[in-house]
Protein chains: 4
Amino acid sequence: MHLPPPPERSFASDNAAGAHPAVLEAVSRANHGHALAYGDDRWTRECEAAFRDLFGDVATLLTFNGTGANVLALSTLLGPVDAVVCVDGAHIAADEAGASERILGAKLIDLPAPDGKLRPEQIEDVAARLLGPEHHAQPAVVSITQSTELGTVYTADEVAAICDTAHRLGMTVHVDGARIANATAALGGSESVLRSFTVDAGVDVLTFGGTKNGLLGGEAVVFLDPARARRAPYLRKQVTQLASKMRFVAAQFLALLADGLWLQLAEHSNAMAGRLHAATAGLAGVELGGPPQVNSLFPVLEPALATAVQEWSFFWPWDPGRSQFRWMTAWDTTEADVEGFAAGVGAAATAPGAAAVAST
Amino acid sequence: MHLPPPPERSFASDNAAGAHPAVLEAVSRANHGHALAYGDDRWTRECEAAFRDLFGDVATLLTFNGTGANVLALSTLLGPVDAVVCVDGAHIAADEAGASERILGAKLIDLPAPDGKLRPEQIEDVAARLLGPEHHAQPAVVSITQSTELGTVYTADEVAAICDTAHRLGMTVHVDGARIANATAALGGSESVLRSFTVDAGVDVLTFGGTKNGLLGGEAVVFLDPARARRAPYLRKQVTQLASKMRFVAAQFLALLADGLWLQLAEHSNAMAGRLHAATAGLAGVELGGPPQVNSLFPVLEPALATAVQEWSFFWPWDPGRSQFRWMTAWDTTEADVEGFAAGVGAAATAPGAAAVAST
Amino acid sequence: MHLPPPPERSFASDNAAGAHPAVLEAVSRANHGHALAYGDDRWTRECEAAFRDLFGDVATLLTFNGTGANVLALSTLLGPVDAVVCVDGAHIAADEAGASERILGAKLIDLPAPDGKLRPEQIEDVAARLLGPEHHAQPAVVSITQSTELGTVYTADEVAAICDTAHRLGMTVHVDGARIANATAALGGSESVLRSFTVDAGVDVLTFGGTKNGLLGGEAVVFLDPARARRAPYLRKQVTQLASKMRFVAAQFLALLADGLWLQLAEHSNAMAGRLHAATAGLAGVELGGPPQVNSLFPVLEPALATAVQEWSFFWPWDPGRSQFRWMTAWDTTEADVEGFAAGVGAAATAPGAAAVAST
Amino acid sequence: MHLPPPPERSFASDNAAGAHPAVLEAVSRANHGHALAYGDDRWTRECEAAFRDLFGDVATLLTFNGTGANVLALSTLLGPVDAVVCVDGAHIAADEAGASERILGAKLIDLPAPDGKLRPEQIEDVAARLLGPEHHAQPAVVSITQSTELGTVYTADEVAAICDTAHRLGMTVHVDGARIANATAALGGSESVLRSFTVDAGVDVLTFGGTKNGLLGGEAVVFLDPARARRAPYLRKQVTQLASKMRFVAAQFLALLADGLWLQLAEHSNAMAGRLHAATAGLAGVELGGPPQVNSLFPVLEPALATAVQEWSFFWPWDPGRSQFRWMTAWDTTEADVEGFAAGVGAAATAPGAAAVAST
């Protein structure tokens, strides 16, 4: 099979991208002289202020990675015997190696969600079944991911409905925002949009992703009610997420939050996914759903086609039973990458070998 | 009181220093194109090889920080009902906010150690008291810090004696090497010296510090018996220490391990502490012990003198009850910093105000 | 509504029954003089021997209750990052207040099971999805309940198929045997039947229920491979399940295991459930499935009927959404109890008030 | 060596004693008909009332054993990152196999206490060292044992001083009362004495021991501020301490609390220890301290003497390094037991063989 040269950047994950130049420059600039460790420095103070500019009167703590951010956020919401309600594909339930169970001792009640989104009725149902008797871990926190692990996006109204339901039942709401910038871009792309589905909707604590959006590495835990952050500094240390040289995490976020870079990068990433969808939608052996909301596609591919393309430019399987895969764009994906990749998929799809294998 | 300008870099901590230029350059160079996340990249492979060059046939996993590295290392050594034997000033016991108890569920048996060093007899005694009956958490891991939290250094023979005792009693040995480079420098400063008190001495797992020695942030967990690392990748994820963009941690370590930079930086840091000792040893109101082994001094200061100097160039208290403080040098401390700081201490010590307060 | 006098013993739960007279007598006989605590006594030795008579070369540890027995059993099978595969109605998942998550730090992967029974294919599927990548807690233990929470019973072949699948995938098998006697009775009622679905089928560790079968309180954890019990005494102490005056737990079990009393009581209890089924099967407003395998019925009742009967002789709701309830017999349920209860249900079912309410 | 017949009851432990006849009778009487499980029964209600009669407006939850009672009590007082301050010989620190660390994830800060008693100054010192910085687990609960593991007793004033110090520092106070009856007897022997060192002194939560004072098995957790018990029913289930057939635990306590039996048994036990002290105080090879406060002696014995007597009538070593042992009386120790044991010690002490060995 003859394929064009693979794209310079693969479509494996937004985690595979590097750091934006402005982020690296900010780290370099912060690398001057001494600064007290553990966040007692001016970059961290400025970063906290930048998050207040974004969300209002909030408390923000920086962490290394998404699992750490989620564990820290949940640790401030959970009492003993408390359980977390989430969907079965939630990162905290499926992709954090049991961190919440091990570190927090918490049960995760994971509910089916074909589109990755939790419904208020599911929360009601869990509450009706479990709240009360001493024999059940008590549902206390609702955790949703925005945008979801399946590339869908909750509207502000949907988040508000979840928050209303949760609060009425005495529960709090956590948002895993590893890709919160992509969700913001999808919903209109402004700071007020961001606020509409977070602070305005009634979310209690969220994580604000940086790693997948152009940082070397770093996530923020934002307590929309700063009173909830009272024990958070201790908990961050205990769950191993306190950086010694915090200024270098803070400086990265300062670059990302300056001049709306976070939103521009997410808009670009989303746009590239849309372009990829358009460029591959009609190809033989490629089944796509509708246009993507954020920066991921979940194509069902002819197995032989998939193998051929993966060998040429790697991407991950998603649901092997259905021959479903994931294509993901990043802040640095170029139009040339998209065109090159689509061209390769097209060439592989029409190659005799692929067809031959696919038809057996 | 009239004092000279403070030194450009304080003596608060080696954590207050920034990153070495070679480290930043390595990060920049690694920031090119895409690389698979979670360590499936060539920088991480090269970094693992670099640690094998240093230690032999070992398995190495990178983490974000020292608490994370210690928790990961201990998690691979501990079974249920197992306890860790350490000194009462051990970082894991005193300065990690109970991470081992919370995340690992492990009891830490912390023993008195005026010089920060555990003795084989203490291990024997703990074993005699506790091994056996089902009522006691079972001592299973000995954890020592090299160099210690008090700036002392175990000789290779001392580590070997601890390992022999531990192994004879069915226990394993963990070394918290947050400042392992400083210890290596103090003991002679070569790779063979490093091996003499680690792999040759019988240590099972160690952490190799990078953050305090010129990195932006990063620590390595080195399994001297690679079989012990079998479950470590899972555990690293679970304890929140798996970096998405691992190449940027690996690249930092590659720079540090290249051409012995790790050892040069530690030697310099140690030398600056020695120079600071010499420059302040005779000053009024300053009681120092003997010359430092590594990069920290623990002076007992006249309270008024301490306050005056802290306001001028900050450093941390150590044991307030004794009016003891800590001065710490870093990889980037200059001779001018030392001379400037010593001059300030000297000026404060002889100032009329200080004397007046100190004599009351 | 005019109802006959309620039965002397309700149908709320086998937990509501008291202790068999032989059990109380055994406790009285053991209450003579002093005996060393924590199981270092002759009753405990004899009890261990009695379990060896039943199962072969096994190690047995006694505990206070079922949750404790399950936690102890699982603690010996689970390493860090390990997960338990079970059904969503499993007692460990639904009715132990998150004990496994809190005490063991383990994720429970709970799968749908309309009849309460796990299928080998479900284990295969979980393994295919999760075994391998470091991002997932690793399925390591399969836990099934025999008889199940829904009153169904695994055949020996079904258990063997689960064990074969689990072992082939590197997993172990735990049986929650809170009602193992009822299952044994249902499958034929002999010691060889008991062995056929436990030791012969390949089960690794089981709990052997006593509390629901005539004890004051007590459960046994039986390690069918005694090597797995190596750390169990420590773990029992740690998870708070070591009795000081163990002789009184052991003496109860000795009475239960003597002369097949455990099996007679379970056979009686099962028989009473069968009789209750027969006596209520045709009543208006009562929907029963087929005859019970063990000692529980899960009738769907007209709501007004249910309320009327519950007020007269209490029993628990099971699935309120379906108006499903649970009737449960015990070792001491009499034929008169069954007839009296059935008479009351019948009277309530035909009373004008009930019909009136039910028809609204 | 010729020794008289050993006493019918050994001096190994108060755990080695059986149950008081009134306790067994109460269990028998409660074994009539059905009662709802998990404490929803009249015996449990009466037992709660009996504890209110003793302490005032308190909430009481029954558990199986002392470790379980301590874990439950502490679980209601501890938040995340909280630590417990206790003495190094505290049962929770030394003899519960790390249950608090494993189940609660809590650090225990265990302080030296030659007489088994914590001092307010020690609490002050810990608070001064640790309260505040995010790097330290935060001391939040003070746990003392009354009577202590060393047979000493806190006066009401001493407990009040500890409570005042703890509360002033924002901490709460837990009393491990496994032998609270013996302490009450030692301090005067009345209900008002009991209140003087508990509710009147400011204790927050205590455990009230039954097992060592004539029960088959059972301990109570008494929340002197019932608001603290809000989550306790859930926590009791989660930490595996919820009895199915609770009536049988409650009935035991009802017997113990009726007509002051708990105090009579403890007074008797203490008196027998006093008599044993008097009967052995002058014997060769036996070093006793002053008369015992409660029901234990810690004699230092000539090794050969100890061995000879242990073989004849077993008791446990305490501190082998000092050849120290423990003799313990129980609620059922008779004067004849004391005289017989003392006679044996005396005979062994003067036997030629013992002397010969002892003099080498």
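**View 1. A negative surface patch drawn from chains A and C.** A:D88, A:D110, C:D88 and C:D110 form a negative surface patch. Patch members have over 30% relative accessible area and no salt bridge, with like charges joined within 9 Å. Asp and Glu count as negative, Lys and Arg as positive, and His and the chain ends are not counted. Each charge is placed at CG of Asp, CD of Glu, NZ of Lys or CZ of Arg. Accessible areas come from the Shrake-Rupley method with a 1.4 Å probe, and for residues only the protein chains shown count as cover. C:D110 sits in strand 3 (residues 107-111) of chain C. Strands (E, at least two residues) and helices (H or I, at least four) are DSSP runs, numbered from the N terminus. The relative accessibility of C:D110 is 30%, so this residue counts as partly exposed. Buried means under 20% relative accessible area, exposed over 50%, and partly exposed in between (1.4 Å probe, protein chains only).

The model is predicted: local features need pLDDT of at least 70, side-chain atom pairs count only at pLDDT 80 or more, and totals for chains, interfaces and linings use all residues. Residues are numbered from 1 along each chain as its sequence is written, chains are lettered from A and ligands numbered from 1 in the order in which they are written, and side-chain values use heavy atoms, leaving out hydrogens and water.

**View 2. The axis relating chains A and B.** Chain A superposes on chain B by a rotation of 180 degrees, with 0.0 Å of shift along the axis and an RMSD of 0.0 Å. This is the relation of a two-fold axis. A:I103 has the C-alpha nearest the axis in chain A, at 2.4 Å. The superposition is by least squares on the C-alpha atoms of residues with pLDDT of at least 70 in both copies.

**View 3. A salt bridge in chain B.** Over all chains, the whole structure holds 59 salt bridges. Each is a side-chain nitrogen of Lys or Arg within 4 Å of a carboxyl oxygen of Asp or Glu. B:K117 and B:E158 form one of them, at 2.8 Å from N to O. B:K117 lies in the loop between strand 3 (107-111) and helix 6 (120-130), and B:E158 in helix 7 (residues 156-168), so the pair ties together parts 41 residues apart in sequence. B:K117 is buried at 10%, while B:E158 is partly exposed at 30%.

**View 4. Two salt bridges in chain D.** The side chains of D:R179 and D:D14 meet at 2.7 Å, N to O. D:R179 is in the loop between strand 5 (172-176) and helix 8 (180-186), and D:D14 in the segment before helix 1 (21-30), so this pair ties together parts 165 residues apart in sequence. D:R179 is buried, with a relative accessible area of 12%. D:D14 is also buried, at 0%. D:R228 and D:D204 form a salt bridge at 3.8 Å, N to O. D:R228 is partly exposed at 30%, whereas D:D204 is buried at 10%.

View 5. B:G209 belongs to strand 6 (residues 205-209) of chain B and is buried, at 2% relative accessibility. C:M328 is in strand 12 (residues 324-328) of chain C and is buried, at 2%.

Notes
Patch = residues over 30% accessible without salt bridge, like charges linked within 9 Å, V, L, I, M, F, W, Y side chains within 5 Å.
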